[in-house]
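Open the model in a viewer and keep the sequence panel beside it. The tour below goes stop by stop, saying what to select and what is there.

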Amino acid sequence: MVLINPFTFKEIDPDSPFCNRQQEQRDLLGYARANANVVLFSPRRYGKTSLVKRVQKELGTQGYLTLFTDFFGITSAEEAAFRLARAFFEMTRKEENWFKKSIRLLKSFRPVLKPDDEGKLSLTVELATTKQKGLETIEEVLGSLDEFARDKKIKIQIVFDEFQEIVLLKESLSLEGIMRSHIQKQPISYFFVGSRRRLLLDMFNERKRPFFQSALNYELKALPHEELAPFLVDQFQRGKKECPLPVAEKISSRVHQHPYYAQKLSFFVFETAEKKVNESDLKPAFDLLINAEKPVFEAILQGLAPQQIVLLKALALDPSPSLFSFNYIKAHHLGSTGGIQGALKKLIQLDLIEKREKGFDVVDPLLRHWLSHQ
Ligand SMILES: Nc1ncnc2c1ncn2[C@@H]1O[C@H](COP(=O)(O)OP(=O)(O)O)[C@@H](O)[C@H]1O
Ligand SMILES: [Mg+2]
């Protein structure tokens, strides 16, 4: 009998097994119903996207229209407008009247429906006018959304995933201003989701920024150990292998309850183990995991300047409260204080390190392991 590996490290669709996050789902549903805006933040691969899709699906069953768009990798305000326009039509196409209304309101874009490989109609958008540019285009899309949301019968919830990406655009401050002015008058709950926490949180918590204090800060933490370990046991069982709870607990601890790594390490354990999982399966599986992540880590280092790499490695080996002490600087060849400060700022911006109780530390537990075992 061929056994199918039950572990997945793709985004989890709303009907597949999901560990815990019950309280988070209740909270987010409550905020959505109260038309509150939320900044949902955590390091990457903690399950933010999977979670908000779940919440949106539930809202859908409660009569909400939901809009989801991802700003990852956008290069211009115009591209943001394209993505938003597409998501707008995607939201309204579920019912003909709404679809027609959105087409009427949003004049600068045309929806185009084409059958995809599976024969389903997939939606793209085209610019219907060449008159507008960048910021004007997004202004128009948001204006149409204002109009659309004015209908009291319609309840809307919106997710902007990887929202901090707009900060990286040259026209970012105007874009933030335009978005804020529309969003604040709409009777709509927005979730601003992001993995680069410093960039995202600064948008909402710096006094001079347009989005200042316009949303609740909501942190998604790693999974609770007491939930994760039994969840893994259940998943092994679903795949017809037995994993004793103490072994599942070891898997959970090994990756510090990191949701994505827990799935991926379990995936390799499942591949390595016989019918019954043994503690000795962990080591080879962990090596496979590290190997699988290596290209990702190498790419991260390639994007850094030498002094940033030196500091990152120092923190991986020796997380320390006294970063600027003579001994620490000397032991890790960190160079000048000014240089350290610059490198520190960049690493925080990239969300590679964060300040914890005891001092700075590498955010990603596996990256930390890899760096300190080189
Ligand atoms: N609650 C959960 N239960 C099980 N696995 C999860 C959970 N949350 C996240 N994961 C794992 O983490 C991966 C990344 O999830 P994703 O939603 O893409 O994270 P993010 O949007 O925070 O980067 C998923 O593919 C899955 O393997
Ligand atoms: Mg995501």
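A residue is called buried when its relative accessible area is under 20%, exposed when that area is over 50%, and partly exposed in between. Leucine 65 has a relative accessibility of 4%, so it counts as buried. Keep in mind throughout that this is a predicted model.

**Stop 1: leucine 65**

Select leucine 65, which sits in strand β2. Now show what surrounds this residue. Setting aside residues up to four places away in sequence, leucine 65 touches Met91, Trp98, Phe148, Ile154, Lys155, Ile156 and Gln157.

**Stop 2: the whole chain**

Zoom out and colour by secondary structure. The protein chain has 15 helices and nine strands. Its radius of gyration is 23 Å, close to the 21 Å that the globule rule gives for 374 residues, so the chain is as compact as a globular protein of that length.

Next, colour by burial. Of the 374 residues in the protein chain, 51% are buried. Switch to a surface view: the accessible surface is about 18600 Å², and carbon and sulfur atoms account for 52% of it. What share of the contacts between residues at least 6 apart in sequence joins residues at least 24 apart? In this chain the share is 70%.

Colouring by charge shows 55 positive and 48 negative side chains. The centres of these two sets lie 3 Å apart.

**Stop 3: lysine 101**

Select lysine 101 in helix α4, which covers residues 96–105. Beyond its neighbours within four places in sequence, lysine 101 is in contact with Phe148 and Asp151. Phe148 was also listed among the residues that leucine 65 touches. Then pick the C-alpha atom of serine 144, 43 residues from lysine 101 along the chain; the C-alpha atoms of the pair are separated by 9.9 Å.

**Stop 4: isoleucine 74**

Go to the loop between β2 (64–70) and α3 (77–92), where isoleucine 74 lies. Is this residue buried or exposed? At 7% relative accessibility, isoleucine 74 counts as buried. Leaving out neighbours within four places in sequence, its contacts are Glu79, Ala80, Arg83, Glu165, Ile166 and Leu169. Leucine 288 is 214 residues from isoleucine 74 in sequence, and C-alpha to C-alpha the two are 33 Å apart.

**Stop 5: leucine 232**

Move on to helix α8 (residues 225–238) and select leucine 232. Its relative accessible area is 0%, so leucine 232 is buried. Not counting residues up to four places away in sequence, leucine 232 touches Phe7, Ala248, Ile251, Ser252, Ala262 and Ser266. One of these, isoleucine 251, is 19 residues away along the chain, with 8.7 Å between the C-alpha atoms of the pair.

**Stop 6**

Select arginine 21, in the segment before α1 (22–33). Arginine 21 is not a glycine, yet its phi is positive, at about 60°. With 2% relative accessibility, arginine 21 counts as buried.

Now select histidine 256, in the loop between α9 (245–254) and α10 (259–272). Histidine 256 likewise is a residue other than glycine with a positive phi, near 55°. Its relative accessibility is 43%, so histidine 256 counts as partly exposed.

**Stop 7: the cysteines**

How many disulfides are there? The count is zero, taking a disulfide as a pair of cysteine sulfur atoms within 2.5 Å. Select cysteine 19: the nearest cysteine sulfur belongs to cysteine 243 and is 14 Å away, and cysteine 19 is in no disulfide. Cysteine 243 is in no disulfide either, its nearest cysteine sulfur being that of cysteine 19, 14 Å away.

Finish by checking how each of them is covered. Cysteine 19 has 6% relative accessibility and counts as buried. Cysteine 243 is also buried, with a relative accessible area of 3%.

Note on methods. Residues are numbered from 1 along each chain as its sequence is written. Chains are lettered from A and ligands numbered from 1 in the order in which they are written. This is a predicted model: local features need pLDDT of at least 70, side-chain atom pairs count only at pLDDT 80 or more; totals for chains, interfaces and linings use all residues. Side-chain values use heavy atoms; hydrogens and water are left out. Helices (H or I, at least four residues) and strands (E, at least two) are DSSP runs, numbered from the N terminus. The radius of gyration is taken over C-alpha atoms; the globule rule is 2.2 Å times the number of residues to the power 0.38. Buried means under 20% relative accessible area, exposed over 50%, partly exposed in between (1.4 Å probe, protein chains only). Contact means heavy atoms within 4.5 Å. Accessible areas come from the Shrake-Rupley method with a 1.4 Å probe; for residues, only the protein chains shown count as cover. Lys and Arg count as positive and Asp and Glu as negative; His and the chain ends are not counted. The place of a charge is taken as NZ of Lys, CZ of Arg, CG of Asp or CD of Glu.
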